[in-house]
Amino acid sequence: MGKGGESTQVPTKKAIHADNVEKTYKLSDLSTEELKKWSKAYGTPVGDRVTMLKELNPLADGILDPYRPANLPLEPPKFTLKTIKDAIPRHCFERNLLTSFSHLFVDLVYIAAMFYASTYISMVPVWARFILWPVYWYAQGSVMTGVWVIAHECGHQSFSDYEWVNNTVGSICHSLLLVPYHSWRITHGKHHNNTGSCENDEVFCPSTRSDWANEMLRETPISQFVGIFLMLTVGWMPGYLIWNATGPAKYRGKNANHFSPTAVFFSESDYWLIVQSDICFFSAVVLLAATIYHFGFVNVWCYYLVPYMVVNYHLVLITYLQHTDVYMPHFRNKEWNWLRGALCTVDRSFGRLLDRTFHHIVDTHVCHHLFSKMPFYHAEEATIHIKKVLGPYYMKDDTSIAHALYRSFSCCQYVEDTGDIVFFKNIK
C-alpha cells in the first residue's frame, strides 16, 4: 500500500527488461508517433517500439541531426519530365555561344589578374606571405573550378549549339586542368543516365553491408577525418580517374582506367576519342614538366599546383555532397527509373560568391540533372519554376558545408545488400 492507502504499481521484470532494451537504441527518447513517422519515411517496418528502434538504429545519427531536411518521398512521382519542362520558360533552354564565351573570358581574366598580383607576394614582409599565399591559392583554385565547370558544360553540349566548339573548348580547358576530357565526358554521361541506381551509377555508388563487414576501424573519428582528407586530396586523381574509386561493383576486377581506350566503360566507337584525350592530357603534362624545368618546382607549386589541388578538392566535395546524404535514397530493379534517379540529388549553397564563381553547379544541381543541356546561366530562373512542380520531391539542404560533409561521411557508409529502395546507414 502506498501513502494514504493507495496501491503502488511495481514494475514487472518484463517491463524493466523492455525499458533497458530500449535504452540501448539511439532513438529511445523519441515518442512512438515519431518512430512511426521515421519508419514510414525510410520504408522500415512499423511495429512495436523495440522493432522500430532496432530497424531505425543504423539510421539514427542522420535522423537526430537537427539541420537535415526531409527525406525524398518514397512514392513514385505523379508528374513527368514533360510536366516539369512545360513549366519552364522556353528561353531557359536556349544556348548562346557569345554568352558562354563571355563567362569563360571573365574567368580567364580573373585567373590572369590573380596570377599577376601574386608575383608581388614575394616582395611583402614574410609574415604577410603566410596570409597572402593561402588567399591566392584558394581564390585562384576557386576560379579555376569555375573553368572546370564550363568545360563540364561543354561535355553536356550546353556551351553552344555547335558540338565541335563544345568539344574543342572542353578539351582545351580540361586538359589544362589535367582532366582527360572525352574519357570523363563519356562516363559522366553514364552517371547522368543512371543516377540513384545501386548497380549502375558511375560515381559515389553506395557500398553494401557486405562490403563493410570488416570495416569497424573506420567508425572511429580519427579514421573518418583521415578518410575525408584522402577523399578530398586524391579521391579524383588518381582515385577515380585511374582506380575507379567509388565506382560501381560491376567494374571491380576489370580495366576501369579512364586513360585506357579499352576500359570496360568505353565502347569500341569511343576508342579514338580516348586516345585523343590522352594525347591532350599528356601534352599538358609535358607542358607542365617544361614549365617546372624553366621556372623551378617551387614557383610552379605556388602558382599552379596548389590551386590545381584546390580545384580537385572542390570537385570531389561538390560531387560527393550532391549525391550523398542521409535523406537521399538509392534504387534497385523495378523501383529505379530515370526520373526518380535524377531527383536523387540536392541543391546546396557555398555562399553567394562561390555559387557564382562555380557557375551555380551547386545551388541548381537538381535542375542540371533534369535538363543537363540547359546552360548554367538560365538554371537559377528555371529552378524557381521547377520547385513549383516538384513540391516535396525537390531537395534543398541549408546545412553548412562542413557539417554536411561530416554527417555524410560518418552516417552514409553502406546500404543493405537487398531491397529495391535503400538508404545509407552506419554501424555505430
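Let's start with Cys-280, which is partly exposed, with a relative accessible area of 28%. Keep in mind that this is a predicted model. The closest cysteine sulfur to that of Cys-280 sits in Cys-173, and at 12 Å it is too far for a bond.

Cys-412, on the other hand, is buried, its relative accessible area being 8%. Its sulfur has the one in Cys-411 as its closest cysteine sulfur, 6.2 Å away, and that is too far for a bond as well. A disulfide is a covalent bond between the sulfur atoms of two cysteines. With a cut-off of 2.5 Å between the sulfurs, the count comes to 0 disulfides.

## Getting to know helix 8

Cys-173 is also one of the buried residues of helix 8, and so are Val-165, Val-169 and Ser-175, among others. Helix 8 runs over residues 163-176. Its 14 residues reach 20 Å from the first C-alpha to the last, close to the 20 Å expected.

What do the buried residues of helix 8 pack against? They pack against helix 6, helix 7, helix 9 and helix 11. Just after helix 8 comes Leu-178, which takes a positive phi of about 60°.

## Where helix 8 meets helix 9

Two packed helices are described by the angle between their axes and the distance between the axes. For helix 8 and helix 9 (residues 181-193), the axes come within 9 Å and cross at roughly 115°. That makes helix 8 roughly perpendicular to helix 9.

On the helix 8 side, Asn-166, Asn-167, Gly-170, Ser-171 and His-174 take part, meeting Tyr-181, His-182, Trp-184 and Arg-185 in helix 9. Sorted by type, the residues of this contact come out as 2 nonpolar, 6 polar and 1 charged.

Technical notes: Residues are numbered from 1 along each chain as its sequence is written. This is a predicted model: local features need pLDDT of at least 70, side-chain atom pairs count only at pLDDT 80 or more; totals for chains, interfaces and linings use all residues. Side-chain values use heavy atoms; hydrogens and water are left out. Axes are lines fitted to C-alpha atoms, for helices over the stretch in contact, and angles run from 0 to 180 degrees between N-to-C directions. Helices (H or I, at least four residues) and strands (E, at least two) are DSSP runs, numbered from the N terminus. Angles under 35 degrees count as roughly parallel, over 145 as roughly antiparallel, 65 to 115 as roughly perpendicular and the rest as oblique. Contact means heavy atoms within 4.5 Å. Ala, Val, Leu, Ile, Met, Phe, Trp, Tyr, Cys and Pro count as nonpolar, Asp, Glu, Lys and Arg as charged, and the others, Gly among them, as polar. Buried means under 20% relative accessible area, exposed over 50%, partly exposed in between (1.4 Å probe, protein chains only). The expected span of a helix is 1.5 Å times one less than its number of residues.
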